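Subject: Structure for your review

Dear colleague,

Please find below the structure that I am handing over to you.

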Amino acid sequence: MGDDHWPGEWLRGVLGVCVMRVLLEGPSHGYAITQRLGAAGLGTVKGGTLYPLLGRLEEAGHVEVEWRPGEGGPGRKYFALTPSGRVHARDQAARWATFTTMTRELTDGALASREDLT
């Protein structure tokens, strides 16, 4: 299964955690964030999904925005985690790790061979 075949509800569930993880690496603009997510195997994240999420993170005080001039082109909006955003990002990552451990314990049973189920 390719990375563009992840169910949408899975991506919606993890996207905030992953975007904050990318921003822990430093300030970034939207296109670079989508490229990093794609390189991590999440597939194509469209701006119509990413920018509302970044807006919610900004409203919550986790992200701050800065316009930077472009090199020979239009300026770009850069997103950076605030100090509280860095704490929130790490907390969410830890909680997600606990959640995935619990769900793996449940779902790994479906990976058993057919012979094991009879």
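Two strands are said to pair if DSSP finds at least two bridges between them. With that term in place, the bridge partner of H29 in β3 is Y78. Please note that this is a predicted model.

H29 belongs to β1, which covers residues 28-29. Two bridges join β1 to β3, the strand of residues 76-81, and these strands run antiparallel. On the subject of pairing in general, strands of a sheet pair through backbone hydrogen bonds, either parallel or antiparallel.

β3 also pairs with β2, again in the antiparallel sense, and here there are six bridges. One of the residues involved is V63, whose bridge partner in β3 is L81. Taken together, the three strands form an open sheet in the order β1-β3-β2, with antiparallel pairing. The edge strands are β1 and β2 (63-68), each of which pairs on one side only.

The chain as a whole

Beyond the sheet, the secondary structure comprises five helices and three strands. Along the sequence these elements follow the pattern α-β-α-α-β-β-α-α. The radius of gyration of the chain is 17 Å, whereas the globule rule gives 13 Å for 118 residues; the former is well over the latter, so the chain is more spread out than a compact globule. Along the principal axes, the C-alpha atoms fill a box of roughly 65 × 30 × 20 Å.

How many of the residues count as buried? The share is 26% of the 118 residues of the chain. Among contacts between residues at least 6 apart in sequence, 53% join residues at least 24 apart.

The accessible surface of the chain comes to about 8100 Å², and carbon and sulfur atoms account for 56% of this area.

Yours sincerely,
A colleague

Technical notes:
Residues are numbered from 1 along each chain as its sequence is written. This is a predicted model: local features need pLDDT of at least 70, side-chain atom pairs count only at pLDDT 80 or more; totals for chains, interfaces and linings use all residues. Side-chain values use heavy atoms; hydrogens and water are left out. Helices (H or I, at least four residues) and strands (E, at least two) are DSSP runs, numbered from the N terminus. The radius of gyration is taken over C-alpha atoms; the globule rule is 2.2 Å times the number of residues to the power 0.38. Buried means under 20% relative accessible area, exposed over 50%, partly exposed in between (1.4 Å probe, protein chains only). Contact means heavy atoms within 4.5 Å. Accessible areas come from the Shrake-Rupley method with a 1.4 Å probe; for residues, only the protein chains shown count as cover.
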